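Trainee: Could you go through some side-chain contacts with me? I'd like to see how each label gets decided.

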Amino acid sequence: ITQSTGSLWNDEGVRSAYEIKKYGNLYVNTEYYFKHMSRILDNTYCPTIQDVLWERVRTNVIVEDTFTLDGISYSMTLSGGPRSRTRKWIHCFEDSRLLFLANLSEYNLTLEFPEDNRMLESIRFFEELMCSKFFKNIPIFLVFTHTDLFEEKLNAGIPLNTCFSDYSGPNDPESCYSFIKSKFLNSKSLRDVYVHRIC
């Protein structure tokens, strides 16, 4: 299997297809795992920190994890699945903090079903949470992720107006980021939101 997988990734046709599709709806970890396949398929394989960080686990349920950092106990709750299920879990987050992760690199991607743009769906969902009575009195943190992939796509010539037809600014990362941030913060709810951007 190791040899076959390595041959597959080294095949010129597969690499050409990947280059065409890599900015489409492929998982961001595809290239990483293909490049490390021989190590991963080895009988003595032990996951590295990078292997774990590149892992993508699809969540369709609520997952809770408790950990301690610098003597302070934290409880992180991750909710997944379609937005239509929000009403089933939204009440679980009363009296907590909301950390909303928005993937910057999804501006040109679609959901599996229905085929809506992922970023537009993320903005709609964020607005819904901002206006929810359950989050009325709690701090909201908006964290933009995948900045590196976002910049890579823009530099590869994939324009922001593939998602936002009203965007007419330059295709540089800073201008595009500012525009996306303004879309998220242009909510009907006049709330304070703490915004962060990470890789």
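Trainee: How many salt bridges does a search of the whole structure find?

Mentor: Seven. Keep in mind that this is a predicted model, where local features need pLDDT of at least 70, side-chain atom pairs count only at pLDDT 80 or more, and totals for chains, interfaces and linings use all residues. Residues are numbered from 1 along each chain as its sequence is written, and side-chain values use heavy atoms, with hydrogens and water left out.

Trainee: What makes Arg39 and Asp51 a salt bridge?

Mentor: The term needs a side-chain nitrogen of Lys or Arg within 4 Å of a carboxyl oxygen of Asp or Glu. For Arg39 and Asp51 the closest N and O atoms are 2.8 Å apart, so the pair counts as a salt bridge.

Trainee: Why is Asp51 called buried?

Mentor: Buried means under 20% relative accessible area, exposed means over 50%, and partly exposed is in between (1.4 Å probe, protein chains only). Asp51 has 2%, so it counts as buried. Arg39 has 30%, so it counts as partly exposed.

Trainee: How do you know that Arg197 sits over the ring of Tyr177?

Mentor: The rule asks for NZ of Lys or CZ of Arg within 6 Å of the ring centre and within 35 degrees of the ring normal. The charged end of Arg197 is 3.7 Å from the centre of the Tyr177 ring. Arg197 also forms a salt bridge with Glu174, at 3.2 Å between the closest N and O atoms.
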